[in-house]
Amino acid sequence: MNKGLITNLPEGCCVEVPCLVDKEGIHPCYVGDLPPQLAALNRTNINVQELAVRGIVEKDKTKIFQSLLLDPLTSSLLTIDETRQMVDELFAAGKNYLKGYK
């Protein structure tokens with residue numbers, strides 16, 4: 001979890017940083033600010049992931065759909081209607097595991 005390790009990414013998001021390992025365990029290293037273009041690219045993905053997780057936790061299919069609309073790969077390949085159809089198909093395929101979604 002990002003706990004001040006990468007200062008220009010949101011607190012609490014999952015990050016990969018250099019680590020020191022010793023007999024006491026794994027110790028993540030402070031990185032500071034990423035170059036602005038890298039932080040921006042990471043934040044784009046973090047925003048999609050946060051909305052998807054919020055949709056899962058709140059059992060809100062609309063938020064999951066919206067997260068996919070924001071995903072750069074999905075939006076570059078699919079129209080809004082195709083994305084909605086994909087989400088509907090995914091929910092139909094997993095209906096035994098996806099009880100209680102709004």
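The dialogue below concerns a predicted model.

Student: In what order do the secondary-structure elements run from the N terminus on?

Tutor: As a predicted model, the protein has secondary structure that comes to four helices and two strands. From the N terminus on, the order of these elements is β-β-α-α-α-α.

Student: What is the radius of gyration, and what does the globule rule give for 102 residues?

Tutor: Along its principal axes, the C-alpha trace spans about 45 × 30 × 20 Å. The protein is more spread out than a compact globule, because the globule rule gives 13 Å for 102 residues and the radius of gyration is well over that. The radius of gyration is 17 Å.

Student: What percentage of the residues count as buried?

Tutor: The protein exposes about 7,400 Å², of which carbon and sulfur atoms supply 59%. Residues count as buried when their relative accessible area is under 20%. Of the 102 residues, the buried share is 24%.

Student: How far does helix H1 reach from its first C-alpha to its last, and what covers its buried residues?

Tutor: Helix H1 covers residues 36–57, which number 22. At 1.5 Å a residue, a span of 32 Å is expected, and the helix reaches a value close to this, 31 Å. Its buried residues are Ala39, Ile46, Val48, Leu51 and Gly55. What covers them includes helix H2 (61–70).

Student: Is threonine 83 buried or exposed?

Tutor: Threonine 83 lies in helix H4 (residues 80–93). Leaving aside neighbours within four places in sequence, threonine 83 is in contact with Phe65, Leu68, Leu69, Thr74 and Leu78. Its relative accessible area is 1%, so threonine 83 is buried.

Student: Which residues form the aromatic pair, and what is its geometry?

Tutor: A search of the whole structure finds one aromatic pair. Its members are phenylalanine 91 and tyrosine 101, with 5.1 Å centre to centre and 75° between the planes. Because an angle over 60 degrees counts as edge-to-face, the geometry of this pair is edge-to-face.

Student: How many residues apart in sequence are the parts that this pair ties together?

Tutor: Phenylalanine 91 counts as buried at 15% relative accessibility, whereas tyrosine 101 is partly exposed at 22%. Phenylalanine 91 belongs to helix H4 and tyrosine 101 to the segment after H4, so the parts that the pair ties together are separated in sequence by 10 residues.

Student: Which residue has its charged end over the ring of phenylalanine 91?

Tutor: A charge sits over a ring only if, among other conditions, its NZ or CZ atom is within 6 Å of the ring centre. Here the charged end is 5.2 Å from the centre of the ring. The residue is lysine 61.

Student: Is valine 21 buried or exposed?

Tutor: Valine 21 lies in strand S1 (residues 19–22). Valine 21 and methionine 1 are 20 residues apart in sequence, and their C-alpha atoms are 17 Å apart in space. At 65% relative accessibility, valine 21 is above the cut-off of 50% and therefore counts as exposed.

Note on methods. Residues are numbered from 1 along each chain as its sequence is written. This is a predicted model: local features need pLDDT of at least 70, side-chain atom pairs count only at pLDDT 80 or more; totals for chains, interfaces and linings use all residues. Side-chain values use heavy atoms; hydrogens and water are left out. The expected span of a helix is 1.5 Å times one less than its number of residues. Buried means under 20% relative accessible area, exposed over 50%, partly exposed in between (1.4 Å probe, protein chains only). Contact means heavy atoms within 4.5 Å. Rings of Phe, Tyr and Trp (its six-membered ring) pair if their centres lie within 6.5 Å; planes under 30 degrees apart count as stacked, over 60 as edge-to-face and the rest as tilted. A charge sits over a ring if NZ of Lys or CZ of Arg is within 6 Å of the ring centre and within 35 degrees of the ring normal. The radius of gyration is taken over C-alpha atoms; the globule rule is 2.2 Å times the number of residues to the power 0.38. Accessible areas come from the Shrake-Rupley method with a 1.4 Å probe; for residues, only the protein chains shown count as cover.
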